[in-house]
Amino acid sequence: MSTVLCLPAAGGEEDLLSTLVGEKIESVRISLIPWGPHLGFESEIGGGDPRLKALVAVIGGAEPSGGHKCTNRGAVRFRMVGGSVIAVGLLPSHDKGIYEIRLYDSDRLQGVYVVRRAELLAAFEGLGVPVDDPAFAD
């Protein structure tokens, strides 16, 4: 089964997320940044794990957003077959019902996007990510 994500290209770049196809994902690393008394979280998931489908679908439904000045509270790194990396920076949520993310081609910022908060948290919960972590605080 293949899932293809399509978002508008930023700054004339090739549509980065159109390359995020199920069989081309080698592994996914999820990390939440330690904060205060919290230790953060890290997990690595094989690219063939069917639980990734929900996360890929949420990211695929992202819409372009404005800038965001806050630092990333976590990251999702999709290591692709062949060694390239597509990364998503997790930003603090400031608006009810949505969550903003940064899209990176390796470590080069491509743009800021918005996704539905409930869907993102459900996808992370399905992967065993603690959604009560401060990274997901309102």
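Residues count as buried when their relative accessible area is under 20%. In this predicted model, helix H1 (residues 52-60) has Leu 52, Leu 55, Val 56, Val 58, Ile 59 and Gly 60 in that class. These buried residues pack against strands S1 (25-32), S2 (41-46), S4 (74-80), S5 (85-90) and S7 (108-116). They also pack against helix H2.

The sheet is open and has seven strands. Its order is S2-S1-S4-S5-S6-S7-S3, and the pairing is antiparallel. S2 and S3 are the edge strands, each pairing on one side only. H1 packs on this sheet and touches S1, S2, S4, S5 and S7. The direction of H1 makes about 105° with that of S4. H2 (residues 117-126) lies across S1, S4, S5, S6 and S7. H2 runs at about 105° to S7.

Several strand pairs can be described by their bridges. S5 and S6 run antiparallel and are joined by five bridges. Leu 90 stands opposite Ile 101 in S6. S6 (residues 98-105) pairs with S7 over eight bridges, again in the antiparallel sense. Ile 98 stands opposite Arg 116 in S7. The hairpin of S6 and S7 has two residues between the strands. In this hairpin, Ser 106 takes a positive phi near 60°. Pro 64 has Tyr 113 as its bridge partner in S7.

The two helices also pack against each other. Packed helices are described by the angle between their axes and the distance between the axes. For H1 and H2 the angle is about 155°, and the axes lie 8 Å apart. Angles over 145 degrees count as roughly antiparallel, and H1 and H2 are therefore roughly antiparallel to each other. The crossing of H1 past H2 is left-handed. H1 contributes Ala 54, Leu 55 and Val 58 to the contact. H2 contributes Glu 119, Leu 120, Ala 123 and Phe 124. By class, the contact has six nonpolar residues, one charged residue and no polar ones. Leu 55 and Val 58, both part of this contact, are among the buried residues of H1.

Arg 117 lies in H2. Its relative accessible area is 14%, so Arg 117 is buried. Beyond residues up to four places away in sequence, Arg 117 touches Ser 93, Gly 97, Ile 98, Tyr 99, Phe 136, Ala 137 and Asp 138. One of these, Ile 98, is the residue that stands opposite Arg 116 in S7.

Key
Residues are numbered from 1 along each chain as its sequence is written. This is a predicted model: local features need pLDDT of at least 70, side-chain atom pairs count only at pLDDT 80 or more; totals for chains, interfaces and linings use all residues. Side-chain values use heavy atoms; hydrogens and water are left out. Axes are lines fitted to C-alpha atoms, for helices over the stretch in contact, and angles run from 0 to 180 degrees between N-to-C directions. Helices (H or I, at least four residues) and strands (E, at least two) are DSSP runs, numbered from the N terminus. Angles under 35 degrees count as roughly parallel, over 145 as roughly antiparallel, 65 to 115 as roughly perpendicular and the rest as oblique. A crossing is left-handed if the near helix is turned anticlockwise from the far one by less than a right angle, and right-handed if clockwise. Contact means heavy atoms within 4.5 Å. Ala, Val, Leu, Ile, Met, Phe, Trp, Tyr, Cys and Pro count as nonpolar, Asp, Glu, Lys and Arg as charged, and the others, Gly among them, as polar. Buried means under 20% relative accessible area, exposed over 50%, partly exposed in between (1.4 Å probe, protein chains only). Two strands pair if DSSP finds at least two bridges between them.
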